[in-house]
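Subject: Structure for your files

Hello,

Here is the structure I said I would pass on. My notes on it follow below.

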Number of protein chains: 4
Amino acid sequence: MSTDVVDRRSPDSDRLVRLRRINASAAFNRWCGIEVTEAADGRVVIEMPWRDEAGQYAGFLHAGLIGALIDTACGFAAATMTGDGLLAAHFAVDCLRPAVGERFVAAASVVKPGRMQFFTTCELSAWHGGKPTLVATGATLLTVTSR
Amino acid sequence: MSTDVVDRRSPDSDRLVRLRRINASAAFNRWCGIEVTEAADGRVVIEMPWRDEAGQYAGFLHAGLIGALIDTACGFAAATMTGDGLLAAHFAVDCLRPAVGERFVAAASVVKPGRMQFFTTCELSAWHGGKPTLVATGATLLTVTSR
Amino acid sequence: MSTDVVDRRSPDSDRLVRLRRINASAAFNRWCGIEVTEAADGRVVIEMPWRDEAGQYAGFLHAGLIGALIDTACGFAAATMTGDGLLAAHFAVDCLRPAVGERFVAAASVVKPGRMQFFTTCELSAWHGGKPTLVATGATLLTVTSR
Amino acid sequence: MSTDVVDRRSPDSDRLVRLRRINASAAFNRWCGIEVTEAADGRVVIEMPWRDEAGQYAGFLHAGLIGALIDTACGFAAATMTGDGLLAAHFAVDCLRPAVGERFVAAASVVKPGRMQFFTTCELSAWHGGKPTLVATGATLLTVTSR
C-alpha cells in the first residue's frame with residue numbers, strides 16, 4: 001500500500017509480507033478468499049468476503065467458517081512473535097449473533113506468548129451496509145511444534 | 001417394524017431423510033461434500049471426503065473444517081431430538097493430532113437435551129488407508145431458537 | 001465508601017448492595033473471602049485474599065479457585081443486567097501463568113446480554129508486592145433460568 | 001502378580017499410593033476432602049463429600065468446585081502416565097444440571113498423551129440417595145512442565 005522504501009522494510013511490513021505468504025500457501029484460506037490486512041507484534045487483522053458457498057442452512061456464515069477465521073487470525077497473531085511452527089491445540093468459539101454481512105473481519109491478539117505455547121484471543125465482526133457488528137469471540141491455544 | 005416398507009419409514013430412517021434435507025440446504029455443507037450416514041435418537045454420524053481446497057498451510061485438514069464437521073455433527077445430533085430451530089452458542093475443539101486422511105468421520109451424540117439448550121459431544125476420525133485415527137474431539141452447546 | 005446520600009442510591013451503588021447480598025448468601029464465596037469491590041452496568045470487580053487452604057500441590061492458587069473467581073465474577077457481571085436467575089452453563093479458563101499473590105482480582109464484563117443467555121468474559125490478576133500480574137482469562141455462558 | 005504382597009505393589013496400587021501423596025500435598029484438596037479412589041493407566045476416579053461451605057447462592061455445589069474436581073481428576077489421570085510436572089493450561093466445564101448430592105465422583109481419562117501436552121476428559125456425577133446423576137462434563141489440556 002505504500003511506496004515508501006523504509007515503510008516497505010519496517011517490521012510490520014515484513015510481518016505482513018510473511019503472513020501473506022503463509023496465507024497464500026494454505027489452500028482453504030485461498031478458497032475462503034482470506035486476506036491479511038494488518039500485522040503488528042502480537043496482533044493481526046484478517047478479512048474474508050461473503051460468498052454463497054459459505055452459508056449454513058439459514059444462510060448465515062457457517063459456524064465452521066467462523067471458527068476458521070478465528071483460528072487463522074489467532075495463528076497469524078502468534079506467528080508474528082515466533083519463527084517456529086505452530087499448531088492449534090484447542091480453540092473455542094462463542095457465537096454471539098447470526099453472522100450476516102458482505103465481509104467478515106477477525107482481529108486477533110496474543111494474550112500470553114511462550115516458549116512452548118501461545119494463548120491468543122479474537123473478535124469477529126460482520127460488516128453489513130458499511131457497519132461492523134461483533135458476531136463472535138474466540139480463544140485459541142497454540143503449541144510450538146519445532147525450534 | 002420388520003417389513004421392508006415399515007423399515008424404510010422407521011424413526012431412524014425418517015431422521016436420516018430429514019437431516020439429509022437440512023444438510024442439502026446448507027451451501028457450505030454441499031461444498032464440503034458432507035454426507036449424513038447414520039442417525040438415531042440423539043446420535044449422528046457424518047462424513048466428508050478430503051479435497052485439496054480443504055488444507056491448511058502444511059496440507060492437513062484446516063482447523064476450520066475440523067470445527068465445521070464437529071459443529072455440524074453436534075447440531076444434527078441435537079436435531080434428532082427436537083423439531084425446533086437450533087443455533088450453536090458455543091463450541092470448543094481439541095486438536096489431538098494432524099488431521100490427514102482420505103475422508104473424515106464425525107460421530108456426535110447428545111450429552112444432555114433440554115427445553116432451552118442441548119449439550120453435545122463429538123469425536124472426529126481421519127480414515128487413512130482403511131484405518132481410522134481419532135484426530136479431534138469437541139463439544140457444542142446449542143440454543144433452541146424457536147418453539 | 002461514600003457518605004454522600006445521592007451516591008449511596010446511585011444505580012451502581014444499588015448494584016453493589018445487591019451483589020454483596022447475593023455474595024453473602026453463597027457459603028463457598030464466604031469461605032473464600034470473596035468481596036465485590038466494583039459494579040457497573042455489565043461490569044464487576046471482585047477480589048479474594050490468599051489463604052493457605054487455597055493452594056494446589058505446588059502452592060499456587062488451585063485451578064478450581066481460579067475457575068471459582070472467574071465464574072463468580074462473570075455471574076455477577078450478568079446479574080447487573082437482569083433480575084432473573086442465572087446459572088453457568090459453560091465456562092472455560094486459560095491458565096496463563098502460575099497464580100501466586102497476596103490477593104486475586106477478577107474483572108468481568110458482559111460481552112453480549114440476551115433474553116435467554118449471557119456471554120461474559122473475565123481477567124484474573126494476582127497482586128504480589130503491590131503489583132498485578134494477569135494470570136488467567138476466562139469466558140462463561142450463563143443461562144437465564146426464570147423470568 | 002497374584003500373591004498378596006506382589007498385588008499390593010501392582011502398578012495400579014503404586015499409582016494410587018503416588019496420587020494419594022500428591023493429593024495430600026495440595027492444601028485445597030485436603031480442605032475439599034478429595035480422595036483418590038481408583039487409578040489405572042490413564043484413568044482416575046476421585047470423590048469429595050458434600051460440605052455446607054461448598055455451596056453457591058442456591059445451595060448447589062459451587063461451579064468453582066465442579067471445576068476443581070474436574071481439573072484435579074484430569075491432572076491425576078495425566079499423572080498416571082508421566083513422572084513429569086504438569087500444569088493445567090486450559091480447562092472447560094459444561095454444567096448440565098444443578099449439582100446436588102451427598103458426594104461427588106469425578107472419573108477422568110486421558111484422551112491423548114504426549115511429550116509436551118496431555119488431553120484429558122472427565123465426567124462428574126452427584127450421588128444422592130444412593131444414585132448417581134451426571135451433572136457436569138469437562139476437558140482439560142495439561143502442559144508438561146519439566147523433564
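V93(A) stands opposite F91(B), a residue in strand 3 of chain B. The two belong to a pairing between chains: strand 3 (residues 86-95) of chain A and strand 3 of chain B run antiparallel over 5 bridges. Strands here are DSSP runs of E with at least two residues, helices are runs of H or I with at least four, and both are numbered from the N terminus. Two strands count as paired if DSSP finds at least two bridges between them.

Note that this is a predicted model, in which local features need pLDDT of at least 70 and side-chain atom pairs count only at pLDDT 80 or more, while totals for chains, interfaces and linings use all residues. Residues are numbered from 1 along each chain as its sequence is written, and chains are lettered from A and ligands numbered from 1 in the order in which they are written.

On the interface: 28 residues of chain B are in contact with 28 residues of chain A, contact meaning that the C-beta atoms, placed from the backbone, lie within 7 Å. On the chain B side, helix 2 (11-25), helix 3 (27-32), helix 4 (63-79) and strand 3 (86-95) each give two or more residues. Strand 3 of chain B gives the most, with 9 residues.

On symmetry: a rotation of 180° with 0.0 Å of shift along its axis superposes chain B on chain A, with an RMSD of 0.0 Å (least squares on the C-alpha atoms of residues with pLDDT of at least 70 in both copies). That is the relation of a two-fold axis. In chain B, the C-alpha nearest the axis is that of A92(B), 2.0 Å from it.

Regards

Definitions and conventions:
Two residues are in contact if their C-beta atoms, placed from the backbone, lie within 7 Å.
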